[in-house]
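Please follow the account below with the sequence and the structure side by side.

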Amino acid sequence: MADDTSPIILWFRRDLRLTDHPALDAAARTGRPVIPVFVHDEVVEGYGAAPKWRLGLGVESFAARLGEVGSRLTLRRGRAENVLAKLVEETGVGTVWWTRAYDPPSIARDRAVKSSLTDRGVEAGSLPGHILFEPWTVETKAGEYYKVYTPYWRAVKDRDVGEPLRAPSALPAPDAWPTSEAIEDWDMGAGMERGAAVVAEHVTVGEEAARTRLATFVRDRIATYSRRRDYPGLDGTSDLSENLTYGEISIRTCWHAGQRALDEGKDGAADWLQELVWREFAYHLVYHTPRLMTDNWREKWDSFPWNEDERVAEVKAWKQGRTGIRFVDAAMRELWVTGRMHNRARMVVANYLTKNLMCHWKIGLRWFEDTLVDWDPASNSLGWQWASGPGPDATPYFRVFNPVTQLDKFDKDRAYTTRFIAELSDDPPAEALSFYDAIPRHWPMARGDTYPDKPIVGPKEGRERALEAYGNRDF
DNA sequence: TTTTGAGTTGTTCGA
DNA sequence: GTCGAACAACTCAAA
């Protein structure tokens with residue numbers, strides 16, 4: 001049934017862009033009609049509330065972007081395998097291409113799709129585009145995958161990374177477009193327990209916005225990135241995680257921008273490139289050890305005495321930003337209001353939850369998965385396992401953060417804590433106040449409250465408890 | 001095979 | 001105030 005003039009289905013997932021999109025580029029080069037498709041499938045079904053909501057915004061924006069090149073996005077809902085099979089029948093498509101994914105749920109889905117389409121005589125397959133280095137191409141001298149970041153970095157840092165591809169200026173349309181569902185009917189924001197309107201003020205959606213963000217970062221901030229990136233009260237970071245995770249900008253575009261900045265003598269770019277490679281490393285590990293997403297990466301940690309009950313008071317206070325530890329509370333409120341959290345703050349809250357409060361990293365991982373607008377399956381898993389102990393390349397046992405010391409080091413002037421904790425000022429800033437617009441009614445906090453005068457678990461007490469647990473080799 | 005050096009992001013204590 | 005040492009033992013990567 002396939003012939004060399006039949007349309008090609010481009011199945012879009014977390015690659016919502018036209019620029020530097022290898023599968024799209026390949027399709028456009030054939031000269032055959034292209035039918036872009038997005039499927040609200042079983043993997044999307046499993047997403048947390050904020051990622052699903054934000055994905056919906058991304059899909060809408062991408063649909064408009066496709067309109068600019070004379071194309072359109074077909075939306076369908078259902079199991080990917082069934083939806084695509086049906087579309088192939090409706091359209092007489094002979095080829096289905098997509099951008100490769102590396103996390104276990106996506107791999108399972110894609111494998112099923114591929115075999116079902118191949119069985120029908122349809123050419124089906126994936127192209128790279130989500131990461132820089134395919135996980136199976138990076139190995140140690142002994143032929144193993146890497147388990148430590150620094151050697152991984154040394155192995156990839158000088159590799160050639162191809163130049164980004166241009167966006168096609170036009171996409172040939174098929175004779176007839178398939179029918180499309182309406183994204184409003186999917187109600188992708190339904191799970192947002194908080195007011196989506198508040199978070200909406202803080203998102204930056206779409207390919208064009210992402211490119212502007214990168215350009216601004218490279219122009220104004222990349223040179224001082226090394227010096228400023230660790231201070232959550234400054235805007236020293238790129239903020240591109242939100243766009244990278246939905247593929248609104250390609251990692252290759254970022255990589256080359258960083259390299260160019262480095263060549264121009266902007267030294268801060270060196271550290272930024274390393275951060276991009278941390279993302280690579282996370283995908284490398286998720287691919288080679290899928291259990292990174294679900295279980296202790298080091299099995300030895302299975303008997304560590306973490307609390308796994310989400311209903312305890314400590315967990316509630318942590319989620320709601322009322323632990324009495326200012327750095328932690330500011331960070332958890334930043335997450336709630338903006339859908340993001342500064343990297344330094346992520347380490348502090350993860351440390352506090354898993355070490356000082358002795359709660360399981362999975363509790364934190366799930367919370368982030370449900371509330372982060374820039375949620376990334378690989379980075380989130382690596383981050384939590386790394387910060388809590390069982391992950392690869394883990395922190396030494398004694399590296400228990402003191403959130404008060406951290407505050408003095410990284411938020412000396414209290415710009416960050418003031419920005420997000422209303423109770424700390426007579427005239428609180430807008431972001432701190434908007435927290436109250438976003439919280440659900442059943443959270444025990446309201447405007448005018450005073451800040452907890454005592455932490456639920458103090459730094460000293462928490463540190464001693466954690467060190468004792470770590471020191472006990474028999475956990 | 002064995003050995004060696006190193007491992008993202010820290011804290012505390014005492015000089 | 002600043003600075004260096006100590007804080008376990010283990011795993012990993014490469015020689």
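**From the sheet to the DNA**

Trp 11 stands opposite Trp 98 in E4, where E denotes a strand, a DSSP run of at least two residues, and H a helix, a DSSP run (H or I) of at least four residues, each numbered from the N terminus. This is a predicted model, in which local features need pLDDT of at least 70 and side-chain atom pairs count only at pLDDT 80 or more, while totals for chains, interfaces and linings use all residues. Residues are numbered from 1 along each chain as its sequence is written, and chains are lettered from A and ligands numbered from 1 in the order in which they are written.

Strand E1 (residues 8-12) and strand E4 (residues 95-99) run parallel and are joined by 4 bridges; two strands are said to pair if DSSP finds at least two bridges between them. E4 is also joined to E5, again in parallel, by 5 bridges, and here Thr 95 stands opposite Glu 123 in E5. The open sheet comprises 5 strands in the order E3-E2-E1-E4-E5, with parallel pairing. Its edges are strand E3 (74-77) and strand E5 (123-127), each of which pairs on one side only, and the twist from one strand to the next averages 25 degrees, with axes taken as lines fitted to C-alpha atoms and angles running from 0 to 180 degrees between N-to-C directions.

Why is E4 largely enclosed by the rest of the structure? The reason is that 4 of its 5 residues are buried, a residue being buried if 20 or more other C-beta atoms, placed from the backbone, lie within 10 Å of its own.

The largest nonpolar core has 124 residues, and those with the most contacts inside it are Leu 10 and Ala 331; such a core is a set of buried Ala, Val, Leu, Ile, Met, Phe, Trp, Tyr and Cys residues joined through C-beta atoms within 7 Å. Helix H13 (residues 269-288) supplies the largest share of this core, 9 residues. Leaving aside neighbours within four places in sequence, Leu 10 is in contact (C-beta atoms, placed from the backbone, within 7 Å) with residues including Ala 23, Val 34, Ile 35 and Trp 97.

Around DNA strand C are residues including Thr 140, Lys 141, Tyr 146 and Phe 398.

Key: Buried ≥ 20, exposed ≤ 12 C-beta atoms within 10 Å, placed from the backbone. Contact = placed C-beta atoms within 7 Å. Near = placed C-beta within 6 Å.
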